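Subject: Structure for your review

Dear colleague,

Please find below the structure that I am handing over to you.

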Amino acid sequence: MDSKIKILFGIIGALFVYLIVWVVLNTPDAPPPIEKIEPPSIMEYEGNTIVEEKNGVKLYELNAGKMVIDVETQNATFENLDGKFYQPNGRFFQLTAKKGNYNHQSGDIHVEGEVVVTDSEGAKLTGGTLDWIGAEEILVATGDVKISKDDMRAYGDRAEAWNGLRHFKLTGNARVLRGVKDSEDE
């Protein structure tokens, strides 16, 4: 073989090796792997409302100054709660409390802190804590419970109320006073 051809093959081989080295050195780095971003497990709202319906009829509407909802369970905690519970007969009662929580699966609500419930007929219930038992549709109040309407005052450690505040049962240091005006109230 002629030396000129050998030199030509040598130059072509060197250029080929140079080309491979150049390609390897100038190949961009692989992009970093895409991180799996988990959605937040809780969501916080300022001034939000929860509405519960059964068979197309509104059972209650809860407004909260601040609400934190667990995205997976749909359970919620509230601050500065103001709610309205509707009765089948068209009556309703209003609820206010400092804080509370809602269990989505059972429909139960627990509130505490300056709990006040007033119904559309003027009855009023106050207590330390209040639970709405969704399955039974009753209110259970505990801690220095007071129920008042017109000239009647009822006191106890625990009260269960249904049908708004028309019917209730008191337990623990229970007493009922009739013919009492607010100025005579204890």
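Predicted model: local features only at pLDDT ≥ 70, side-chain atom pairs only at ≥ 80, totals over all residues.

I begin with helix H1, which covers residues 3-26. This helix has 24 residues, and the distance from its first C-alpha to its last is 34 Å, close to the 34 Å expected at 1.5 Å a residue. The N-terminal end of H1 is capped by aspartate 2, which has a side-chain oxygen 3.2 Å from the backbone nitrogen of lysine 4.

In soluble globular proteins, nonpolar side chains tend to be buried together. In this model, the largest nonpolar core has 33 residues, and Tyr60, Phe78, Val117 and Leu130 are those with the most contacts inside it. At least two residues of this core come from each of strands E2 (57-70), E3 (76-86), E4 (92-102), E5 (109-119), E6 (124-133), E7 and E8 (152-162). The most is given by E2, with 6 residues.

The aromatic rings

A pair of aromatic rings is described by the distance of the centres and the angle of the planes. The structure holds 5 aromatic pairs. One of them joins tyrosine 60 and tyrosine 102: the centres are 6.5 Å apart and the planes are at 70°, an edge-to-face arrangement. Because tyrosine 60 lies in strand E2 and tyrosine 102 in strand E4, this pair ties together parts that are 42 residues apart in sequence. Both tyrosine 60 and tyrosine 102 are buried.

Phenylalanine 93 and tryptophan 132 have ring centres 6.3 Å apart and planes at 55°, so this pair is tilted. Phenylalanine 93 is in strand E4 and tryptophan 132 in strand E6, 39 residues apart, and the pair links these distant parts of the chain. Phenylalanine 93 and tryptophan 132 are both buried. One aromatic cluster is formed by Tyr60, Phe85, Phe93, Tyr102 and Trp132.

The charged end of lysine 84 sits over the ring of phenylalanine 92, 4.3 Å from the ring centre. Likewise, the charged end of arginine 175 sits over the ring of tyrosine 155, 4.4 Å from the centre of that ring.

Valine 115 belongs to strand E5. With a relative accessible area of 2%, valine 115 is buried. Not counting residues up to four places away in sequence, valine 115 touches Leu95, Thr96 and Ala97, and its other partners include Leu125, Thr129 and Leu130.

Threonine 129 is part of strand E6. Is threonine 129 buried or exposed? It counts as buried, because its relative accessibility is 18% and the cut-off for buried is under 20%. The side chains of threonine 129 and threonine 142 are joined by a polar contact of 2.3 Å. Among the other contacts of threonine 129, beyond four places in sequence, are those with His110, Val115 and Ala141.

Alanine 141 lies in strand E7, which runs over residues 138-149. Alanine 141 is buried, with a relative accessible area of 1%. Apart from neighbours within four places in sequence, alanine 141 is in contact with Leu125, Thr129 and Leu130, as well as Asp157, Arg158 and Ala159.

Two asparagines in loops

Most residues other than glycine have a negative phi, and most peptide bonds are trans. Asparagine 55 is not a glycine, yet it has a positive phi of about 55°. This asparagine 55 is in the loop between strand E1 (42-54) and E2, and it is exposed, with a relative accessible area of 77%.

Asparagine 173 also has a positive phi of about 55° without being a glycine. Asparagine 173 lies in the loop between strand E9 (167-171) and strand E10 (175-178), where it is exposed at a relative accessible area of 63%.

Yours sincerely

Methods. Residues numbered from 1 in each chain as written. Heavy atoms only, no water. Helix = DSSP H or I, 4+ residues; strand = E, 2+ residues; numbered from the N terminus. Buried < 20%, exposed > 50% of the residue type's maximum accessible area, 1.4 Å probe, protein only. Contact = heavy atoms within 4.5 Å. Core = buried A, V, L, I, M, F, W, Y, C linked by side-chain atoms within 4.5 Å. Phe/Tyr/Trp six-rings, centres within 6.5 Å; stacked < 30°, edge-to-face > 60°. Lys NZ or Arg CZ within 6 Å of the ring centre and 35° of its normal. Expected span 1.5 Å × (residues − 1). Polar contact = N/O pair within 3.5 Å; in protein donor to acceptor, adjacent residues only side chain to side chain.
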